[in-house]
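Please take a moment to look over the sequence and the model before reading on.

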Amino acid sequence: MKLGFHLIPRLSSIVPESCLLIVVGLLVGGLIRVVGESPPVLDSQVFFLFLLPPIILDAGYFLPIRPFTENIGTILMFAVIGTLWNSFFVGGLLYAVCQIEGSGLEGIGLLPNLLFGAVISAVDPVAVLAVFEEIHINELLHILVFGESLLNDAVTVVLYHLFEEYAGVGSVTFLDVFLGVVCFLVVALGGIFVGAVYGILAAFTSRFTSHTRVIEPLFVFLYSYMAYLSAEVFHLSGIMALIACGVVMRPYVEANISHKSHTTIKYFLKMWSSVSETLIFIFLGVSTVAGPHQWNWTFVTVTIVLCLVSRVLGVVGLTFMINKFRIVKLTTKDQFIIAYGGLRGAIAFSLGYLLDLDHFPMRNIFLTAIITVVFFTVFVQGMTIRPLVDLLAVKKKQETKRSINEEIHTQFLDHLLTGIEDICGHYGHHHWKDKLNRFNKKYIKKCLIAGERSKEPQLIAFYHKMEMKQAIELVESGGMPKIPSAVSTVSMQNIQPKLKVRERVLPQLSKSREEEIRKILRTNLQRTRQRLRSYNRHTLVADPYEDGFSQLLIRKQRAMQLEKRMNNYLTVPANQPDSPTMNRARLASDPQTYSSKSKSNDLPAIKVDLASPQSPDHVTLADERTKRPEEDDQGIVMKEPGGREEQESGKDQRLLRCLSDPGPNADEEEDEPFLP
């Protein structure tokens, strides 16, 4: 059935796998009923001892540490304060509904209602994993909802046992409330301590398993299960113990075990958790058919409505306070997904099934309401959350792993922020994280990691691992000659002695040849430097390897340099008419250039009598250059660079040439400036 579900993508995009498993359980229970047998019920001891631990261990062992620690404050707010709010809100309003006459619920008191509120308010990690992994929600929302479902176990267990004890006693004092708060701290912190101890033991044991690689995965499963059982024996949080054990042991165990053992642990945990999840949802369907039910429309309907309302109000209120301290704020879409993703599951059903029927005669009503809420959250919310995520355009999870460049920049920013906090004197989480890493590298790694692996950086260790893997693949593929097993004890140097490498002899060159090579290199390098001096990758449009592109680039650069030099040394007003005196001077300098020739014999020719040098109308360019601008309004204004007065005669001749000639001759260098 699971294989067919994953082979049909259209079915998996509409219906979650958990819904189909519950339907299968309903069908199996119905068939058992038709046969005449009583269907089995999901036993709470079987659920908590055998079915739940693999799922929690898989989640804790592969928990993303960085997002979890960065959002630990928000997760704790939702897990602790949010669960307390939901429990008291649902339980208190249900007690008010039970006081209504004619509802048939007058016999249910305040403490049983609060107990039911504590059971039904906890978000179930199994249901969250089953739905959220299929919709591929982004990492932030996934870790917030899933982290809440993991950490609210301590609150649920404490409230469950407290209200169960209070219901038997019948009265609650202020001392009982204070002891309840202390009990919560003991259950949560005690579970974390037990899990951390077993995690360190597992890491220390894996240090000595280099000669027996076969049993390496066994220690991981054994110590984890012992941590869960030890916590349950002392009435601590077993889920917290499993999470702490997986988080603590993973970095040290993976540094000690082989690659094949790591693969075995990974896939066995995935397979084990998948089987447990399948059995849990199937047994939910079977237990629905088999279990005794007592239906009450008022109680069931009010329970569903109150669960939705309390979840929405709790998320909105807590987010309003949390966003004041968060750098990345939770948007309205994020709040909606967090509120809508609060699914209930088999943990609530198992806790309800553990109630004693003698002390709680309304247990059947509670079980019916719990199953209804579970079906509503799994079917209605689980089936509609994927279309809502697509409709709201919520960011999805990136399937690709981060590149090495991103990892390096992330670590660089961590060190930078740590240095900024040290300079500012603000001891934030970056400061304490750096202190913890230093303590881990200096003391803990030396005790829990074998050999030189505790000293070398992770990048070098990963390189060595990749080198070894490549060598193994090369040997298995036949790329290297295999050594017979009979001579395995013989030294490799005796089997394949190393040949002496001949020293490379450089050819001898004559001094003339060396000088010629240096001259060629010097000349070409100088040309290259001059041509590509203003190289810019943003200005290159064509392919640099196209034919003729280099010549085009050189011409373009020469034209730009020429234009720049002309702008620096020559400033002439544009489109200004010449004065009559300048016209006469130009006609005198070159009469043939400015002589007008008639295109037709019918038109009369105009003859100009040029002024002789002795004539009073004759003017020289030197006099015109020294003339002030006020004397002739339409004359050309020339200013010498530097503001000097009369220059030498050689400079006057160059200025004369500049005004009379349109540009340099063909035989002159175009790179030479007009006015140096």
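The protein has 26 helices and 0 strands, where helices (H or I, at least four residues) and strands (E, at least two) are DSSP runs numbered from the N terminus. This is a predicted model, in which local features need pLDDT of at least 70 and side-chain atom pairs count only at pLDDT 80 or more, while totals for chains, interfaces and linings use all residues. Residues are numbered from 1 along each chain as its sequence is written, and side-chain values use heavy atoms, with hydrogens and water left out.

The predictor's confidence in each residue, from 0 to 100, is called pLDDT; the protein averages 77, and 72% of the residues score at least 70. Over residues 481-499 the pLDDT is below 50, and this stretch has 6 contacts in the model beyond near neighbours in sequence, a contact meaning heavy atoms within 4.5 Å. Residues 526-542 also have pLDDT under 50, and the model has 10 contacts for them beyond four places in sequence. Where pLDDT is low, the predicted coordinates should not be read in detail.

Of the 676 residues of the protein, 35% count as buried, which means under 20% relative accessible area, whereas exposed means over 50% and partly exposed lies in between (1.4 Å probe, protein chains only). The accessible surface comes to about 43200 Å², of which 62% belongs to carbon and sulfur atoms; such areas come from the Shrake-Rupley method with a 1.4 Å probe, and for residues only the protein chains shown count as cover. Among contacts between residues at least 6 apart in sequence, 77% join residues at least 24 apart.

Which residues have the most contacts inside the largest nonpolar core? They are F47, L52 and F299, in a core of 124 residues, to which helix α9 (residues 139-169) gives the most, with 15 residues. A nonpolar core is here a set of buried Ala, Val, Leu, Ile, Met, Phe, Trp, Tyr and Cys residues joined through side-chain atoms within 4.5 Å. Not counting residues up to four places away in sequence, F47 touches L42, L52, P53, I280, A346, I347 and S350.

Helix α16 (residues 346-353) has 7 of its 8 residues buried, so this helix is largely enclosed by the rest of the structure. Its buried residues are A346, I347, A348, F349, S350, L351 and G352. In helix α7, 11 of the 12 residues are buried, so α7 too is largely enclosed by the rest of the structure. Helix α7 (residues 110-121) reaches 16 Å from its first C-alpha to its last, close to the 16 Å expected at 1.5 Å a residue, the expected span being 1.5 Å times one less than the number of residues. The buried residues of α7 pack against α6 (72-98), α9, α14 (297-322), α16 and α17 (363-391).

V253 is buried, with a relative accessible area of 1%, whereas E254 is partly exposed at 22%. Leaving aside neighbours within four places in sequence, V253 is in contact with Y61, A202, A203, S206 and V220, while E254 is in contact with Y61, H262 and K465. The C-alpha atoms of V253 and V220, 33 residues apart along the chain, are separated by 8.3 Å. The side chain of E254 makes a polar contact with the side chain of H262 (3.3 Å); a polar contact is a pair of N or O atoms within 3.5 Å, where within protein one must be able to donate a hydrogen and the other to accept it, and residues adjacent in sequence count only if both atoms are side-chain atoms.

Another polar contact joins the side chains of N440 and Y252 (2.7 Å). N440 is found in helix α19 (residues 429-448) and counts as buried at 16% relative accessibility.

Most residues other than glycine have a negative phi. H136, in the loop between α8 (125-135) and α9, has a positive phi of about 55° although it is not a glycine, and H136 counts as partly exposed at 37% relative accessibility. H235, in the loop between α11 (216-233) and α12, has a positive phi near 60° and is exposed, with a relative accessible area of 58%.
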